[in-house]
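Please look over the sequence and the model shown here before reading on. The paragraphs that follow lead from the strands to the helix lying on them, and then to a pocket and a loop.

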Amino acid sequence: MMNLLRFRDKADYANLESIKPAKSISGSEAYQRYMDKTLPLLKKAGSRIIFYGECNAFLIGPNTEKWDAMLLVEHASTAEFIAFSQNKEYLAHAGHRTAALDDSRLLPILESNHYG
């Protein structure tokens, strides 16, 4: 799964009182809280992070579209990803992701040997 992430300047915890931090934090900080809680659950589900990096402006693409980070996660299968995304322990902390992100894209990718 390829994740494109655009962080809020200030995390928005509206309607997320149960996980809202005591003081205001940035979207990037809220996403880090999300990842701190999510990474052990990903590993437990047999998934792994392949790549995380900060994004720059497109060389080819719309100059009005900007992403802050890209995350590439390998899951055993689509079914395993769906099961992970519905896990109650995961859902208890998924609000940090909601609070963190102004926008995002999630693109499933299947490996192909077409070019090599």
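**From strand pairing to pocket**

In strand 3, the bridge partner of glutamate 54 is alanine 69. The model is a predicted one, in which local features need pLDDT of at least 70 and side-chain atom pairs count only at pLDDT 80 or more, while totals for chains, interfaces and linings use all residues. Residues are numbered from 1 along each chain as its sequence is written, and side-chain values use heavy atoms, with hydrogens and water left out.

Strand 2 and strand 3 run antiparallel and are joined by six bridges, where strands (E, at least two residues) and helices (H or I, at least four) are DSSP runs numbered from the N terminus, and two strands pair if DSSP finds at least two bridges between them. Strand 1, residues 2-7, is joined to strand 3 by four bridges, again antiparallel, and to strand 4, residues 101-107, by six bridges, also antiparallel.

Taken together, the four strands form an open sheet with the order 2-3-1-4 and antiparallel pairing. Strand 2 and strand 4 are the edge strands, each pairing on one side only, and the twist averages 15° from one strand to the next. Helix 1, residues 27-44, lies across strand 1, strand 2, strand 3 and strand 4, and runs at about 150° to strand 1; axes here are lines fitted to C-alpha atoms, for helices over the stretch in contact (heavy atoms within 4.5 Å), and angles run from 0 to 180 degrees between N-to-C directions.

The largest pocket holds about 400 Å³ of space. A pocket is an open set of points on a 1 Å grid over the protein atoms alone, where a 1.4 Å probe fits, with protein on both sides within 12 Å along at least five of seven lines, and lining residues have an atom within 4 Å of a point; the volume is the space filled by probe spheres set on the points, which are joined across faces, edges and corners. Of the 14 lining residues, Met1, Glu74, Ile109, Leu110 and Glu111 lie nearest the centre of the pocket. Strand 3 supplies the largest share of the lining, three residues.

Alanine 57 is found in the loop between strand 2 and strand 3, and counts as exposed (over 50% relative accessible area, 1.4 Å probe, protein chains only) because its relative accessibility is 69%.

How values were computed
Buried < 20%, exposed > 50% of the residue type's maximum accessible area, 1.4 Å probe, protein only.
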